[in-house]
Amino acid sequence: MISMLIVRAGAIALMMTGMSFEKAKFQALSAFSGTGFTTREAERVVNNTLRRQIVSWLMILGNVGIVTVIVTATSSFASAKGQQIGINLLVLMVGLGVIVAAARHAPFVRRWEDFAQERLSRLKIFEDDTTVDELLHIHEGYGVVRVKLHEQSPLVGQTLAEVNSGLEHSLVLGIERDGVWLPTPRLTRKLAEEDYLVIYGKLEDLAEHFG
């Protein structure tokens with residue numbers, strides 16, 4: 001039960017560093033159980049000082065918890081005789097059932113997560129250290145591309161508003177013209193030949209639109 005609560009608290013701590021809650025839960029469980037999944041999210045954990053500290057504590061507590069369970073279970077069954085073995089086994093199964101029920105009881109889990117988040121927020125060590133990749137959801141198929149407008153491009157002569165209206169799940173962030181960067185250009189600005197458009201959006205849609 002304590003292990004389950006620690007994993008949930010660890011997930012909340014990782015979430016407070018900028019990770020999504022689902023990914024934070026997976027990384028917390030991975031660190032606590034010592035399974036060592038290698039994913040892009042794991043790389044983001046390693047590259048963040050605070051996340052490394054959280055995961056390190058989860059690894060330490062996970063090893064302590066596993067050793068404690070093994071020693072307790074071994075000593076309990078080794079010293080038991082006759083009917084006591086069956087009773088111990090029954091107690092173990094009931095205990096596991098209680099843990100599973102508690103883990104699936106949404107109100108209980110939510111109260112614990114709220115409590116953990118409130119306590120952790122008082123430490124004032126959680127800063128918004130979200131990476132650019134996470135903010136832009138690069139790993140989910142989104143990204144930033146740079147597109148050059150040639151003479152035959154149908155976008156030449158169109159306003160930025162017209163271009164944005166024709167893009168799905170995408171937005172023009174800025175324009176490079178004659179080596180000059182034009183950030184947040186006006187929607188009424190017309191595009192010219194040799195302009196470079198810096199566009200954020202779904203890479204699949206951008207490839208289809210400009211490919």
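The structure holds five salt bridges. A salt bridge here is a side-chain nitrogen of Lys or Arg within 4 Å of a carboxyl oxygen of Asp or Glu. The model is predicted: local features need pLDDT of at least 70, side-chain atom pairs count only at pLDDT 80 or more, and totals for chains, interfaces and linings use all residues. Residues are numbered from 1 along each chain as its sequence is written, and side-chain values use heavy atoms, with hydrogens and water left out.

## Salt bridges

| Pair | Closest N to O distance |
|---|---|
| Arg 8 and Glu 113 | 2.7 Å |
| Glu 22 and Lys 25 | 3.5 Å |

Arg 8 pairs with Glu 113. Arg 8 sits in helix 1 (residues 2-15) and Glu 113 in helix 6 (residues 106-121), so this bridge ties together parts that are 105 residues apart in sequence. Both Arg 8 and Glu 113 are buried. Buried means under 20% relative accessible area, exposed means over 50%, and partly exposed is in between (1.4 Å probe, protein chains only).

Glu 22 counts as exposed because its relative accessibility is 55%. Lys 25 has 24%, so it counts as partly exposed.

Glu 176 is in strand 2 (residues 170-177) and Arg 146 in strand 1 (residues 142-148), so the pair ties together parts that are 30 residues apart in sequence. Glu 176 is partly exposed, because its relative accessibility is 23%.

## Chain and elements

The protein chain has nine helices and four strands. Helices (H or I, at least four residues) and strands (E, at least two) are DSSP runs, numbered from the N terminus. Starting at the N terminus, the order of elements is α-α-α-α-α-α-α-β-α-β-β-β-α.

Of the 211 residues in the protein chain, 31% count as buried. Contacts, meaning heavy atoms within 4.5 Å, reach along the sequence. Among those with a separation of 6 or more, 65% come from residues 24 or more positions apart.

Four strands make an open sheet in the order 1-4-2-3, with antiparallel pairing. The edges are strand 1 and strand 3, and each pairs on one side only. From one strand to the next, the twist averages 25 degrees. Two strands pair if DSSP finds at least two bridges between them.

Strand 2 and strand 4 (residues 196-202) run antiparallel and are joined by six bridges. One of these links Ser 170 to Gly 201 in strand 4. Strand 2 also pairs with strand 3 (residues 180-183), antiparallel over four bridges. Here Ile 175 has Leu 182 as its bridge partner.

Axes are lines fitted to C-alpha atoms, for helices over the stretch in contact, and angles run from 0 to 180 degrees between N-to-C directions.

## Positive phi

Most residues other than glycine have a negative phi. Some residues of this model have a positive one, including His 169, Asp 178 and Glu 194.

Strand 2 and strand 3 form a hairpin with two residues between them, and Asp 178 in the turn has a phi of about 55 degrees. His 169 has a phi of about 60 degrees. His 169 lies in the loop between helix 8 (160-166) and strand 2. With a relative accessible area of 46%, His 169 is partly exposed. Phi of Glu 194 is near 75 degrees. Glu 194 belongs to the loop between strand 3 and strand 4. At 37% relative accessible area, Glu 194 is partly exposed too.

## Surface

The accessible surface of the protein chain comes to about 13,600 Å². Carbon and sulfur atoms hold 61% of it. Areas come from the Shrake-Rupley method with a 1.4 Å probe; for residues, only the protein chains shown count as cover.

Met 1, Leu 90, Val 94 and Val 98 form a nonpolar surface patch, with about 350 Å² of accessible area together. Val 94 is in helix 5 (residues 83-104). Patches are made of residues with over 30% relative accessible area and no salt bridge; like charges are joined within 9 Å, and nonpolar side chains (Val, Leu, Ile, Met, Phe, Trp, Tyr) within 5 Å.
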